[in-house]
Amino acid sequence: MGDLTMDFLRLMLMAAMLLTSLQGQAADAATAPAPTTHEVEFLRSADKACTDCHKEQVEGMHGKHGQATNPNNLAPVTCTNCHGQPSPQHREGVKDVMRFSDSFNDKQSALADKQSALAEKQSTESYPIAEQNGVCMSCHEPKPLREALWAHDVHATRLTCTSCHQLHPAKEPMVAIPEKSRIKLCVDCHSKQHQAKAANQTASLGKEAP
């Protein structure tokens, strides 16, 4: 009986020591500093594949677009957000990315000389107005644009956004433009429109004459 008592006491002592050890380890874990976590950061610019060839944009976008966050993915705006993903044949000149143009001036140039190489080049490179503006509208919603200036509604289906706005410069010319300058812009564009229309009519009459 005495041996059983001693064995029981030894077991109890060992259990107490084990419990004390576990409690100490738990306390150490609770007071130990949390392990340091590291965030992965991309060292290479997301636009590097583009700027390797497009040297004029090597510093990336400036101004509003250069500081903007894409509302669709909450990441900084990149070349491919607006221009799309190029194909492997892109370097060969394949028309596979969005090419924004000054649609008004492109159109007037083509009317002035429909047979010119420049007009032919513009007609093959320019995307339809709806497609170009659709890219802009994927971030810039129509309602705020309409509230900012009524002219957005009037011109949205007739001109590309880039007829007035520029995408890359440090200072976008339409931001904080004075009222007089805005009116002059309207007058200048509509004057060109009337001149081009008159020139086109004159050319048509000349072809009809015997």
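**Cysteines**

I am working from a predicted model here. Next I asked which cysteine sulfur is closest to that of C161. I found it in C136, at 3.8 Å.

I then turned to C139 and looked up its closest cysteine sulfur, which belongs to C82. The separation is 6.6 Å, so I ruled out a bond there as well. C139 has a relative accessibility of 32%, so I noted it as partly exposed. How many disulfides does a search of the whole structure find? My search came back with zero.

**Overall fold**

I went through the secondary structure of the protein chain and noted 10 helices and zero strands. Reading from the N terminus, I wrote the order down as α-α-α-α-α-α-α-α-α-α. I also checked burial: of the 210 residues in the chain, 15% count as buried.

**G66**

Where does G66 sit? I placed it in helix α3, which covers residues 63-67. Is G66 buried, partly exposed or exposed? I put it down as partly exposed, because its relative accessibility is 41%. I also looked at G66 together with V77, 11 residues apart along the chain, and found 6.9 Å between their C-alpha atoms.

**Second largest pocket**

I looked up the volume of the second largest pocket and got about 760 Å³. Which of its 25 lining residues are closest to the centre? I listed H54, H83, V97, M98 and H168. I then checked which elements give two or more residues to this lining, and they are α2 (48-51) and α4 (79-83). Sorting the lining by class, I got 13 polar, nine nonpolar and three charged residues. A friendly reminder to myself on the approach: rolling a probe the size of a water molecule over the atoms shows where empty space is left.

**Rings and charges**

How many aromatic pairs does the structure hold? I noted zero. I did find a charge over a ring, though: the charged end of K95 sits over the ring of Y127. I recorded its distance from the ring centre as 4.6 Å.

Note on methods. Residues are numbered from 1 along each chain as its sequence is written. This is a predicted model: local features need pLDDT of at least 70, side-chain atom pairs count only at pLDDT 80 or more; totals for chains, interfaces and linings use all residues. Side-chain values use heavy atoms; hydrogens and water are left out. Helices (H or I, at least four residues) and strands (E, at least two) are DSSP runs, numbered from the N terminus. Buried means under 20% relative accessible area, exposed over 50%, partly exposed in between (1.4 Å probe, protein chains only). A disulfide is a pair of cysteine sulfur atoms within 2.5 Å. On a 1 Å grid over the protein atoms alone, a cavity is a set of points where a 1.4 Å probe fits but cannot get out, and a pocket is an open set with protein on both sides within 12 Å along at least five of seven lines; lining residues have an atom within 4 Å of a point. Grid points are joined across faces, edges and corners, and a volume is the space filled by probe spheres set on the points. Ala, Val, Leu, Ile, Met, Phe, Trp, Tyr, Cys and Pro count as nonpolar, Asp, Glu, Lys and Arg as charged, and the others, Gly among them, as polar. Rings of Phe, Tyr and Trp (its six-membered ring) pair if their centres lie within 6.5 Å; planes under 30 degrees apart count as stacked, over 60 as edge-to-face and the rest as tilted. A charge sits over a ring if NZ of Lys or CZ of Arg is within 6 Å of the ring centre and within 35 degrees of the ring normal.
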